[in-house]
Amino acid sequence: LFLWLAPILKRGTCLLWRMPAAFPPLLSRPLPRATASRTIYGVAIAAAACLLVVGCATEGFASSRSLASAVTQPKTMTRLGARMCPAGTRAMRSRLNNRVVCRVVEDREKTENFIDYVGRNKDLIDQFVNKGTGSTPCPPTKWNSKEMDIPALRANPPKDLDVEFPLYVSPSDLGLPADADAEAIGAKKDMVRDLMRKHGALVFRGFDFTKSMEGYRDTYKALGFESCEDPLEGTFLRKNADKEIKFTFNQNPTHYVGMHTECTHTLGPVSGAFWCGNPASVGGEFTLLDGRKMFYDLDQDVVQRFYDKDVRIKVVGLPAGPLANVLPRGMLANGFEALAKNMPGPTADLMTKYDLDFHVLDDYEGVPRFGGLEPRQSPLNRHPETGEPLWFCNIHNHARYLSDRRPNSLVEIARADVYFGDLSVIPAQDVQHIDDITRKNLHKVAMQPGDIVLLDNYRVLHGRENFTDFEGNARKHCVTWFQN
């Protein structure tokens, strides 16, 4: 609406400027040129600000309803869309971002977006930061990335670089009977620790007692893992199952979760355990990536460039609109930051927790956007225990260039992005190369009821495929993060 009105405002300004006598009701006598200009441009800027606020509010409301309405408003699909969808589903186009999504053929399908989910679960607001979680605070991220000689490190890869990943572990692999319980697994904790150190991620399968949430809890306690707060505590992304266990991102089934560690710049659990209570009806595979292997497989020039420049991750944002090309961007960013600090809910706490500062930056398409960014950080790290070099960057999940090219249904304020440390845009070819090597190395785990994935949060990146749930079957996955 603002773009449509801009030419009219411009023409009207010129008309008032040159022909004040043509508007006797408005101007009883010609105003001095400077006064007229200031008055008219002041009104224009105020109108533009109102339109921006109304536009953002309208977009947010429309986004929260778009996916649900897409179910009942099919549009013509391309052949590509038809090929994307598995059997038993049909391709439809989302009104939110005009992308192809898969919908169950049955009218009884059970899908909803995350905004609707939160609306039905108003008690979620009571489960924010430090409100009865009872867990130990999440430990700080352990950074050790200085003075890394990348060519020398890559010239001597470890002999077990191609070790089996992830390693599937059954009762017999631990020398246990099929009816083994948590106490029996606890007796093998040294063996489990050694396997985890070697392989990075373990998939426990075939244990009957782990099909209940209590069996899952008994398992990680028997292995000596000590829970800590989720580093995302205080966001809408996860709901508490209890004081230690979180439900994973079971909402937004049409959203693809890229590969990432659960480390922010400030907070980082040492390890984690994911549990499957019930898998999705279609899709929803848990994905794993060995960050150690990524360090050696990525192009050396790309790794060196990222290491030299560092990265900054934008975790919250909104379109800045045409005002970003009219008003000073620093002033706009300060205004957005002041607004965020006074928003209801946990926003101000999260800004302090993640040490965010605000900027107005162009994305890869040149579109100006507000953004709350974490501090400058290295895309590489050394493992806190072994000292091995690791690819330690969440760009595959956060880069807007990639999220625009895969299933995505997040509202605009939740769209992340990644920039170089100097806030310059990362070249698209570099981001695409990272995506190519990531997809070459990632492993999909179709988790079954009772499966537990135990992973090293510094070495292993994780994600999730998009999915569909039929009526009567809801995806139920949980996670607990550990300080050891």
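**Confidence.** The pLDDT averages 78 over the protein, and 69% of the residues score at least 70. I found that pLDDT stays under 50 over residues 13-34, a stretch with ten contacts beyond four places in sequence in the model. Over residues 57-83 the pLDDT is again below 50, although the model gives this stretch 39 contacts beyond near neighbours in sequence. Where pLDDT is low, the predicted coordinates should not be read in detail, and I left both stretches there.

**Overall make-up.** I counted 15 helices and 21 strands in the protein. Of the contacts between residues at least 6 apart in sequence, 81% join residues at least 24 apart. The exposed surface comes to about 22,700 Å², of which carbon and sulfur atoms supply 56%.

I then followed an open sheet of four strands, whose order is S12-S13-S11-S16 and whose pairing is antiparallel. Its edge strands, each pairing on one side only, are S12 (357-362) and S16 (417-420), and the twist from one strand to the next averages 45 degrees. Between S12 and S13 (residues 368-373) I found six bridges in the antiparallel sense, and the partner of Asp362 in S13 is Pro368. Helix H11 (residues 329-341) lies across S11 (311-319), S12 and S13, and I noted that this helix runs at about 135 degrees to S12.

How values were computed. Residues numbered from 1 in each chain as written. Predicted model: local features only at pLDDT ≥ 70, side-chain atom pairs only at ≥ 80, totals over all residues. Heavy atoms only, no water. Pairing = 2+ DSSP bridges. Helix = DSSP H or I, 4+ residues; strand = E, 2+ residues; numbered from the N terminus. Axes fitted to C-alpha atoms, helices over the stretch in contact; angles between N-to-C directions. Contact = heavy atoms within 4.5 Å. pLDDT = per-residue confidence, 0-100. Areas by Shrake-Rupley, 256 points an atom, 1.4 Å probe, with all protein chains shown as cover.
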